[in-house]
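Please open the structure in the viewer and display it as a cartoon.

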Amino acid sequence: MNVVLSLEGPNGAQAREVAYGTPLGEVLPREVGGLPVLAALANNDVVPLDGPVVLDATVRPLTLADEEGWQVYRRTLCFLLAKALHDDFPGVKCRVRQSFGHNALFWSWDVPSADRETKTAALRASLARLIEQDIPIVHRIVGYEQILRLFRESGQQDKANLLAHRNPPYLGLATCGEFYDLPQGVLATHAGAIGLFDLVPLRDGFVLEFPGVSTPTELDPMPPYNFLFEVYAEHLRWGEIIGIRNAGELNAAIADGSVLDVINTVEALHEKRLGSFADRIAAKVPRPHVVLVAGPSSAGKTTFAMRLCTYLRVIGLKPTLISTDNYFVGDTRNPRDEKGNLDYEHLDAVDRPRLNADLLRLLRGETIPLRKFDFRKHEGYDSAETLSLDAKLGVLVIEGIHALNPELTPDIPREEKFLIYVNALTQLAIDSHNRISTIDNRLLRRMVRDGQFRGRSPLDTLRLWPSVRAGEERWVFPFQHYADAVFNTALDYEIPVLKTLASPLLNQIKPAHPEYVIARRLSCFLQNFASMPMADVPTNSILREYLGASRLRY
């Protein structure tokens, strides 16, 4: 029995008939454009090169120059790092923490500070040796009881915990020598496919650096990190306090009911930090009359700004909230990207002349009509409501992705502003060497919100996401370092709640859609988590911005 493959390449697609069960790696080239082939995209699903061909498919080789190939590279590098730690540093606790830009990850480990530089060098050498030996990485299907036993016998309790609240008859296992892993996606089939990397000592750990999609043959310089590092560090400390550091621990808390204490604790942390931000604004001399709140899509800017207004009122100030989304110019005037698509992330998607004119009128004590935007009709309009600002105690709170960009409010002096950067920077991990992507977290939030409130299908959300991400890179992240303060909107319990609403949405995206590759990855990711009912979420939580039923008026 033969299978027909349509092999995509630089010269177009070519049909090829191969025997049923042939490993995909025997069909594809070893390199494309001078880069090793890491995996393949078959019918819009990422598959390993040792996977057998069992059905007709359209197949494209993936390299580091592809987004999906880059994810395979990063995932495989972390897998090999975990093997090096397991083989050569037994008993040393090491855990992936947060990303540094796109092409670096920070890891913490419990080695004495005096030994960190030499230990990092030794770990770098161990990882390089695995790559030089080009040892095979094998994808296998293993029975549930066997895989659970392997993890327990090898001391990988964090992976065993992932299975405590699941009961599939078998699972995919990645093996490399005597090291086993429950992979969170496809890996390369041999260590030699990984080339460039580095380990750099930093604080109580090290940074694992790797190439990017646009720079596959070089390492990017490390971006500024100090201000975000402290935000992560605080969130990590809270993770240790509440005992929820990975998916297995969160699932256990859901099963025994103690997750309600987790919810109360992390929500109380938000309350505490909101109060401290209001105090900082009031104490600044001279007191700023404009507070600008920015962050990437679905970071929780709107709810944060609304709750901040509440805390400003508690200390005697009189805030007025404005969302720059209400100043969108609409589709007829909206800029387009290089492909001719509407670019909603562009600075000029905001009617800046109108926005600045309204802000100056408010600061002069005038009353203006409340500007609103209809997201279903994609039109802005002046509502019957009005806005004004108290002359003595008034504070303008402005939220939007461009709020930290000086070009948004050029007529307001810097000393009049207090800048806040907001993002969902979760400390929760899947296990010791598989982190939860803050980007994926935000995408799940956005997909749920778009379906609930913006009349957008999950397929449309995924189609728009690359443009959103490109806009963040251009218009949000370059300005985050201007912030006077950073607020972390991540909630350690949110993925199980989002799963309840997101999983049915992801199931609407079929293999024929190019976006299926993302939907498939997110669906597999959500399998690591138990589900939680939306009713457990407090009605003033930032998460309600996406779920609905909030006590706040949006």
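Begin with the whole chain coloured by confidence. This is a predicted model; the mean pLDDT of the protein is 92, and 99% of its residues reach 70 or more. Select helix α5, residues 226-242, where confidence is lowest, at a mean of 71. Then select strand β15, residues 290-294, where confidence is highest, at 98. Where pLDDT is low, the predicted coordinates should not be read in detail.

**The four-stranded sheet**

Next, select strands β8, β9, β14 and β13, which form an open sheet in the order β8-β9-β14-β13 with antiparallel pairing. β8 (94-99) and β13 (198-202) stand at the edges; each has a single partner strand, so one side of each is left without a neighbour in the sheet. Neighbouring strands here are turned against each other by 30 degrees on average, direction ignored.

**The three-stranded sheet**

Move on to strands β10, β11 and β12, an open sheet in the order β10-β11-β12 with antiparallel pairing. The edge strands are β10 (138-143) and β12 (179-181), each of which pairs on one side only. On average, neighbouring strands of this sheet are turned by 40 degrees against each other, direction ignored. Select β11, residues 170-176: three bridges join it to β12, and the two run antiparallel. Here Ala 174 stands opposite Asp 181 in β12. Helix α3, residues 144-153, packs on this sheet and touches β10, β11 and β12. The direction of α3 makes about 115 degrees with that of β10.

**The helix pair**

Finally, select helix α7 (residues 259-283) and helix α8 (residues 301-314). How far apart are the axes of α7 and α8, and at what angle do these helices pack? The axes are 9 Å apart and the angle is about 60 degrees; α7 and α8 are therefore oblique to each other. Their crossing is right-handed. Show side chains at the contact: α7 contributes residues including Glu 267, His 270, Leu 274 and Phe 277, and α8 contributes Phe 304, Arg 307, Leu 308, Tyr 311 and Leu 312. By class, this contact has eight nonpolar, two polar and three charged residues.

Technical notes: Residues are numbered from 1 along each chain as its sequence is written. This is a predicted model: local features need pLDDT of at least 70, side-chain atom pairs count only at pLDDT 80 or more; totals for chains, interfaces and linings use all residues. Side-chain values use heavy atoms; hydrogens and water are left out. pLDDT is the predictor's confidence in each residue, from 0 to 100. Axes are lines fitted to C-alpha atoms, for helices over the stretch in contact, and angles run from 0 to 180 degrees between N-to-C directions. Angles under 35 degrees count as roughly parallel, over 145 as roughly antiparallel, 65 to 115 as roughly perpendicular and the rest as oblique. A crossing is left-handed if the near helix is turned anticlockwise from the far one by less than a right angle, and right-handed if clockwise. Contact means heavy atoms within 4.5 Å. Ala, Val, Leu, Ile, Met, Phe, Trp, Tyr, Cys and Pro count as nonpolar, Asp, Glu, Lys and Arg as charged, and the others, Gly among them, as polar. Two strands pair if DSSP finds at least two bridges between them.
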